[in-house]
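This briefing covers helix packing, salt bridges, nonpolar cores and backbone angles. Please read it alongside the sequence and the 3D structure shown here.

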Amino acid sequence: MPANFSQFPCSTAIGIGFTTLPASTGGRDGRPIRPNYLLIGYPQMLRERRDARRLVELGTDPARHERLWQTTETDTRALTEIADAFTLQHASAEPDLASCIELSHYRDELQQKVINTPVSAIWAWARSGHIRKSAALAAARAEFSHTDGGFFGVVFQEARSVGDAGMVMEAIRAVTNPLVRDSALRQCVQVLVTEKRPQEAVDVAGTLTDLRQRMEALTAVAQALVEAGERDQGTALALAAADVGHTLDDPDGQVEALKDVVSVLVKAGADDRAEEVAAAAARAAHGISGSDDRAFALAHAAAAWAEAGRKEEAVELARDAVKTARTIDDPDIQASALREVGLAWLALQETGEAIDAAHLVTDPRSRVGILALLAEELARKGETEEAARLAGVAREASRAIADAEEQVGAKARAAQALAKAGRAADAAELALEAAGTADGITEPDARTSALEYVSQALSTADELDAALRLARTIADPRLQGTAMLSVVRRLAELGEWDEAGGLARTCTDPERRAWALRAVAEALVEAGETGRAADLARALAEAADKISLPVDRARSMAHAADLLARAGEPDRAAALAHATAEAARSATDPHWQARNLRQVAQALADAGRADEAAELAEASAEVSGTITDDSDRALGIARAADVLASAGKKEQAAQLARRAVEAVAPAPRGWRSMALEAAVSALVGAGREGEAAALARTIADPHGQTEALGVVAEALVAKGEGDQAVDLACAAAEAARSVTRPEVRARAMVRVVSTLVEAGERNRAVQLVREATGVARAVTGAENKASALALVSEALVVVGDEEQAVELARAADEAARTCTDPVRRGVAMAAAAEALVTAGRVDEAIQLAYSITELDEQAHVLVRAAQALGEGGRPDRAAEIILRAESAARETAREDWRAIALKNVVAAMVGAGGGDEALRVAHTITVPAQRAAALADIARNCPGTPRSRELLAWSLSLVSLSTLAAEVAMLAPDVMDDVVGCMRRSLRSA
């Protein structure tokens with residue numbers, strides 16, 4: 001390398017103009033230095049020379065990032081250069097915060113590009129033989145998105161076919177998130193089971209850190225061995241899985257997993273061992289205290305006894321499950337429990353009992369859904385007569401529903417069950433009856449949604465012409481396409497390829513057309529019709545090209561690439577996958593971008609930079625406006641309005657809040673609450689309390705309405721308008737009383753108490769607390785009861801009744817200790833201990849904390865107690881308790897929970913004035929987000945010092961720039977212009 005190499009300007013030596021370098025530039029061996037060598041080698045030289053300035057220039061050059069991606073086909077090198085640049089900044093006596101902000105911004109953008117890469121594109125590359133690339137992309141996507149690693153299965157399978165499985169396993173094991181890594185390894189086990197490699201599957205299963213996943217993996221291998229005739233090996237492995245199951249913390253999960261083991265043992269002919277495991281499952285179920293978990297566990301244990309052929313024991317458990325389910329407060333949880341009980345009765349061939357269990361469900365539509373599901377389960381087993389009987393019961397139940405929209409959905413669901421039970425004529429009759437009911441719905445969006453349900457039911461009943469006619473009456477092209485999709489899928493299932501493909505091409509909405517074409521192409525691939533599948537895959541790519549939202553366009557292009565690979569066209573698939581990745585890289589996820597803009601806008605508003613805050617908040621609203629989901633779009637707009645209000649732009653905020661209300665109108669009623677609550681908050685911030693109150697009263701969800709009315713009432717109290725505030729607080733209390741779930745009802749009632757007190761209505765507040773106390777005491781589940789009692793205890797402190805508050809906190813502790821699940825028990829006991837702290841019984845709370853076995857929860861309570869001790873003038877005792885909290889946090893087994901606990905310890909140390917100790921603990925936190933939060937806590941405690949800027953630089957290297965915008969505005973306002981510049985650039989590049 002020439003001596004003067006370091007003198008090349010970055011823009012010349014490394015940028016997009018790389019190819020202009022003379023080919024005669026000589027290396028040490030006299031050969032020309034090729035552009036790609038400089039692209040890769042130059043950063044290494046800068047690292048060795050510790051040239052921070054030039055390394056920052058590389059890390060903040062987007063043209064270079066793209067060149068690196070084109071050359072190496074991953075973003076790994078670019079991200080490594082950014083990490084190296086941060087390392088040099090950390091080593092500096094005075095980190096350059098402006099550079100750190102730029103580095104953080106470009107790292108965020110690169111990570112988002114990786115996340116945007118569609119899974120199907122990764123699969124297409126794997127199926128086209130590009131294993132290294134697909135493995136690297138899969139690992140990076142899993143790492144940055146923090147989602148499960150389930151998509152690794154295809155990559156691993158393809159890698160095995162060409163002898164590159166080790167490369168994929170290496171990529172999986174490099175994933176730092178243990179939950180994601182286990183999910184990926186679980187997929188590998190399944191591939192090995194499918195390929196009949198049981199020993200390799202067992203070896204991989206043994207490396208799973210999550211015990212539930214390990215047990216399920218071992219059970220899957222055991223089942224494969226039994227099916228292959230290796231009964232002894234299968235039995236041994238199933239028993240090993242059971243041994244793992246006995247150690248699970250989650251009792252209901254343990255019983256459900258043991259049920260699957262029993263099934264394997266029965267198939268292996270090991271009846272005695274199956275009965276032993278079933279008995280263990282029954283004991284575990286009986287040992288559960290909370291009604292919610294106990295009902296599920298008893299149902300699963302009954303199914304286990306049924307598998308083992310012990311009907312008498314199974315019937316007894318099923319009856320116990322029904323009794324327990326009756327005591328569940330939450331109607332949704334009760335319905336789910338009764339569904340499991342119904343399945344257990346079906347396993348016992350007791351259809352009448354299953355019907356009775358379903359009829360205990362209070363919500364009519366849920367009842368129909370469960371009856372339909374049970375009917376389909378019987379049809380799947382070939383018991384069509386009993387299936388038809390159950391589906392008929394579902395039909396009659398659907399007709400009894402009063403609400404027209406609910407009735408249509410229920411009838412459509414029952415019709416689908418009738419069709420699957422072999423009663424096509426009855427299914428068609430019921431679906432057409434549902435169509436008649438839908439015609440009577442006057443609200444346009446509700447009617448459209450109902451027609452979509454009916455069209456799907458008609459398709460299932462093979463009334464395809466009627467389904468298509470109905471679908472075409474829907475005006476909205478997107479919803480029409482969704483309704484037509486069911487017809488296309490059914491035609492494909494029937495092997496009517498040409499008709500299905502032709503109909504798919506007629507969908508006017510490009511995205512729905514792409515969905516329909518994909519459905520037909522998938523069916524063709526499965527049928528071995530690869531030539532025709534490839535034709536439709538190309539048509540899918542053409543449809544994808546017309547989809548307006550870039551992220552959705554890239555996703556559909558990726559599906560086309562994957563289908564081409566599966567249809568035997570690897571070169572075209574790889575080329576399309578590459579084009580897809582490029583399209584995805586240029587796309588911006590509107591949810592992500594809108595959130596970033598809002599966070600920075602809020603930081604600017606808090607810092608008094610109102611005009612810039614308004615600029616970014618309005619930009620956030622515009623980005624949110626491109627989101628296709630109605631409720632998500634409205635929520636983004638409403639939150640942007642809230643930021644505008646906090647910036648003092650009241651008129652713009654009010655206008656934007658109204659726009660959010662309009663945007664959420666087409667969404668299903670159950671999905672509107674969050675957006676409407678956010679709009680209420682924005683209107684309050686804009687000084688439109690009357691308008692906000694009127695909007696709050698329209699929220700259908702009682703809990704959401706309570707929260708929204710409470711927000712308005714609090715604002716009126718702050719403005720001195722006590723009478724209006726009291727009226728709204730009373731309305732909020734009435735809404736709270738109508739909440740169905742008792743523990744949520746108690747929480748909603750407590751929400752109103754402080755507002756009444758602030759408005760001078762202490763007597764009303766006391767009365768409401770007493771009501772909430774009665775509600776909390778009546779809650780049946782141990783964890784929910786403890787949490788409700790703890791909440792009400794804290795409300796009693798608000799109204800000045802500390803003695804009663806202490807009594808209720810102790811009752812919460814008693815309830816919590818009866819919870820059999822150790823994790824839930826720890827959470828509930830921590831809530832009780834925090835209530836004691838609030839009531840002034842700090843030492844009692846500390847003693848309670850020492851008995852909590854979940855150490856992260858113990859640490860949480862000790863931190864809260866230490867803070868109270870410090871505020872109460874006992875600093876020495878506070879310091880002692882903080883050290884005990886640190887010890888508990890460090891002994892927490894799960895890495896993510898341990899990180900949260902240590903972050904809380906850091907906050908307590910900072911509050912107690914122990915900055916150096918806090919820094920020591922912060923640097924031991926292994927989860928980046930929690931370490932960054934801890935470092936930011938320390939920085940906030942020493943504003944205006946070099947240390948605060950140094951800690952801010954560390955934090956910027958760990959988390960996204962927008963997450964730390966508030967800290968930058970507070971601690972380093974001189975570089976806030978750089979943050980704003982990054983946001984503006986992101987808008988221009990979108």
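**Backbone: positive phi**

K196 counts as exposed at 66% relative accessibility, where exposed means over 50% relative accessible area, buried under 20% and partly exposed in between (1.4 Å probe, protein chains only). This is a predicted model, in which local features need pLDDT of at least 70 and side-chain atom pairs count only at pLDDT 80 or more, while totals for chains, interfaces and linings use all residues. Residues are numbered from 1 along each chain as its sequence is written, and side-chain values use heavy atoms, with hydrogens and water left out.

- Most residues other than glycine have a negative phi.
- K196 is not a glycine, yet its phi is positive, at about 60°.
- K196 sits in the loop between α11 (178-194) and α12 (198-205); helices here are DSSP runs (H or I, at least four residues), numbered from the N terminus.
- R50, also a residue other than glycine, has a positive phi near 55°.
- The loop between α2 (35-49) and α3 (52-59) holds R50, which is exposed with a relative accessible area of 52%.

**Salt bridges**

- The structure holds 78 salt bridges, each being a side-chain nitrogen of Lys or Arg within 4 Å of a carboxyl oxygen of Asp or Glu.
- E200 and R197 form a salt bridge through their side chains, at 2.7 Å from N to O.
- E200 is partly exposed at 28% relative accessibility, and R197 is partly exposed with a relative accessible area of 38%.
- E275 and R310 form a salt bridge whose closest N and O atoms are 2.6 Å apart.
- E275 belongs to helix α16 (residues 271-286) and R310 to the loop between α17 (291-307) and α18 (311-326), so this pair ties together parts 35 residues apart in sequence.
- E275 is partly exposed, with a relative accessible area of 24%; R310 is partly exposed at 27% relative accessibility.
- In the salt bridge of E967 with R940, the closest N and O atoms are 2.4 Å apart.
- E967 in helix α53 (residues 965-971) and R940 in helix α51 (residues 928-940) are 27 residues apart, and the pair links distant parts of the chain.
- E967 is buried, with a relative accessible area of 12%, whereas R940 is partly exposed, with a relative accessible area of 31%.

**Nonpolar cores**

- The largest nonpolar core has 190 residues; such a core is a set of buried Ala, Val, Leu, Ile, Met, Phe, Trp, Tyr and Cys residues joined through side-chain atoms within 4.5 Å.
- F152, V168 and W345 have the most contacts inside this core.
- α17 gives the most to this core, with ten residues.
- Apart from this core lies another, of 181 residues, among them A765, L768, L808 and A889.
- Leaving out residues up to four places away in sequence, F152 touches A135, A138, A139, A142, V168, I172 and A184, contact meaning heavy atoms within 4.5 Å.

**Packing of α40 and α42**

- Helix α40 (residues 722-737) and helix α42 (residues 762-778) pack at an angle of about 10°, with their axes 12 Å apart; axes are lines fitted to C-alpha atoms, for helices over the stretch in contact, and angles run from 0 to 180 degrees between N-to-C directions.
- That angle makes α40 roughly parallel to α42, a label for angles under 35 degrees.
- On the α40 side, V726, C730, A733 and R737 meet R764, L768 and E771 of α42.

Methods. Helices (H or I, at least four residues) and strands (E, at least two) are DSSP runs, numbered from the N terminus. Angles under 35 degrees count as roughly parallel, over 145 as roughly antiparallel, 65 to 115 as roughly perpendicular and the rest as oblique.
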